[in-house]
Amino acid sequence: MSDTDLLFTPAVKAAALIRARKLSPVEYVDTVLKAIERANPKLNCFREVTADAARRDAKKAEEAVSRGEKLGPLHGVPISIKDLLDVEGVPTRHGSAIFADNPPAASDDITVARLKAAGAIIVGKANSPEFGVKGLTDGPSFGATRNPWNLDRTPGGSSGGGASAVAAGLGPLSLATDGAGSTRGPASCSGLVGLKATLGIVPYDTSRDAFGNNIFAGPLARTVTDAAVMHGVLAGPSSKDPWSLGATPQPMSPELAGEDLSGVRIGYIELMANPRLAADVCSNTLQALDAWRDMGAEVEQVTDRIDWIEYEGRVLYQAGFAVTCAQYLPKWQNQMDPVTLAFMDRGAKFTLADFRNAQFARTVLFRKIQSLFERYDFLVSPTNARTALDVTHDAANDEVMIDGVKCGITRQGWTSYQYPFNLTGHPAMAVPSGFGADGLPTSVQIIGKWASETDVLRLGALLEQARPWAQHRPPAL
């Protein structure tokens, strides 16, 4: 197997080769680290590469294989971690100059600990915009992260560093977080699978508001199977996350066991808060729906009037930034991301009544989505309204252009399909749907019933089988 083929080998296959002693973890990790050394200067996807620790852990992984020890499902597999989550011995900089000199973390985040227990080998911390506040990955403290499909475009955000890395073959998996689409948006931009689980299925121990949480940790991968295996490693209760204590994953629905989807009902939502959908994204989404229809599924366009609470969602997010980041302004304002400052300024203008009404609106939206699931087994939409934006796009002020028409800032015109399901808590997964007229990836989003990640993954796997995507690779860097 050539080095290039190894870099684009699915994680589950690589782990199987390692278990069979046909692939050395030491050689595998070394191949990935050399690829990072070549590609990262152009992509800027890693905030820190942990080469020494990765080589040490790869040697330990190889010794475990030699001793015949019981191996985890990701044994020897290189993985990157978003720079919002702690990795023991590595600084967590939160994409910000404020934490540029942060000391190494004293312990692993629970999700990182579970990945290590499954045998994964951390090769670095992937870039995130400051505190993960926007749908692009750039900032004054580290520059701009670029999309390997086109270096003039963004890989999305805020998990854009991990998406850029996985799309470029710099490790088959990345641990992402998703506060308003930050896993699914980068997956859409970069030709990947990105899963946001149901609230509580994967714990999020670091949330400032555990009971009002809207942030989710989950996988970025090139295949549905890789995403499913990584999700299985991450899932499970934590004493620090109250939602996780009562979370009960649902088994796969029997009607999804085979390839005949007769009786499966899919509700298609073409527009949410966004006014337009790019023609190429629409075409690829309809082709994905046709693939499921050809398997027997019933597909119907959802015509219900739904308030997607774009304004109220903004209140919740921006007011949160205003409060949590206010402590940094006296010392750090001049070194913070202008987008962070703009969102904070807007958030500070909302009243307590605005905030409480936004919380009430979140409940109304949840109940509306629940009512749709009385008629449908799945909801399907595009993931982004168009392909990846220019890497220089100003997320606070620039309007998104779709087929020559201005459509508002990113959450209004581009990522409008994503944030609603952070607020309702339903599982949602981005999977590739093809390529746009500009040659960049497009994506379709599958939304499932509460705790039905297995069903969402299965529907995505059937689409992957009918319209494969993992064989596509971005241009050589």
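**Exercise 1. The second largest pocket**

The second largest pocket of this predicted model is lined by 22 residues. Find which of them lie nearest its centre, which elements give two or more residues to the lining, and how the lining divides by class.

*Solution.* 
1. Nearest the centre of the pocket lie Arg56, Asp57, Lys116, Ala120 and Ile121.
2. Two or more lining residues come from each of helix H4 (51–66) and strand S3 (121–126).
3. H4 makes the largest contribution, with seven residues.
4. Sorted by class, the lining has ten nonpolar, seven charged and five polar residues.
5. The space in this pocket is about 330 Å³.

**Exercise 2. The cavity**

State how many cavities of 30 Å³ or more the structure holds, then describe the lining of the largest cavity.

*Solution.* 
1. There is one cavity of 30 Å³ or more.
2. The largest cavity contains about 30 Å³ of space.
3. Its lining is made of Leu199, Gly200, Val202, Tyr204, Asn213, Ile215, Phe216, Ala217 and Asp241.
4. Six of these residues are nonpolar, two are polar and one is charged.

**Exercise 3. Gly200**

Gly200 is one of the residues that line the largest cavity.

*Solution.* 
1. Apart from neighbours within four places in sequence, Gly200 is in contact with Trp243, Ser244 and Ala247.
2. Pro249 is 49 residues away from Gly200 along the chain, and their C-alpha atoms are separated by 9.7 Å.

**Exercise 4. Strand S9 and its partners**

Work out how strand S9 (residues 265–268) is joined to strand S10 (residues 298–301) and to strand S11 (residues 378–382).

*Solution.* 
1. S9 and S10 run parallel and are joined by four bridges. Gly267 has Glu300 in S10 as its bridge partner.
2. From S9 the chain passes through helix H10 (residues 279–294) to reach S10, a β-α-β crossover that is right-handed.
3. S9 also pairs with S11 in the parallel sense, over three bridges. Here Ile266 stands opposite Phe378.

**Exercise 5. Helix H8**

List the buried residues of helix H8 (residues 224–234), and give the phi of Gly236.

*Solution.* 
1. The buried residues in H8 are Val224, Asp226, Ala227, Met230, His231, Val233 and Leu234.

Terms used
Residues are numbered from 1 along each chain as its sequence is written. This is a predicted model: local features need pLDDT of at least 70, side-chain atom pairs count only at pLDDT 80 or more; totals for chains, interfaces and linings use all residues. Side-chain values use heavy atoms; hydrogens and water are left out. On a 1 Å grid over the protein atoms alone, a cavity is a set of points where a 1.4 Å probe fits but cannot get out, and a pocket is an open set with protein on both sides within 12 Å along at least five of seven lines; lining residues have an atom within 4 Å of a point. Grid points are joined across faces, edges and corners, and a volume is the space filled by probe spheres set on the points. Ala, Val, Leu, Ile, Met, Phe, Trp, Tyr, Cys and Pro count as nonpolar, Asp, Glu, Lys and Arg as charged, and the others, Gly among them, as polar. Two strands pair if DSSP finds at least two bridges between them. A crossover is right-handed if, with the strands pointing away from the viewer, the path from the first strand over the helix to the second runs clockwise. Contact means heavy atoms within 4.5 Å. Buried means under 20% relative accessible area, exposed over 50%, partly exposed in between (1.4 Å probe, protein chains only).
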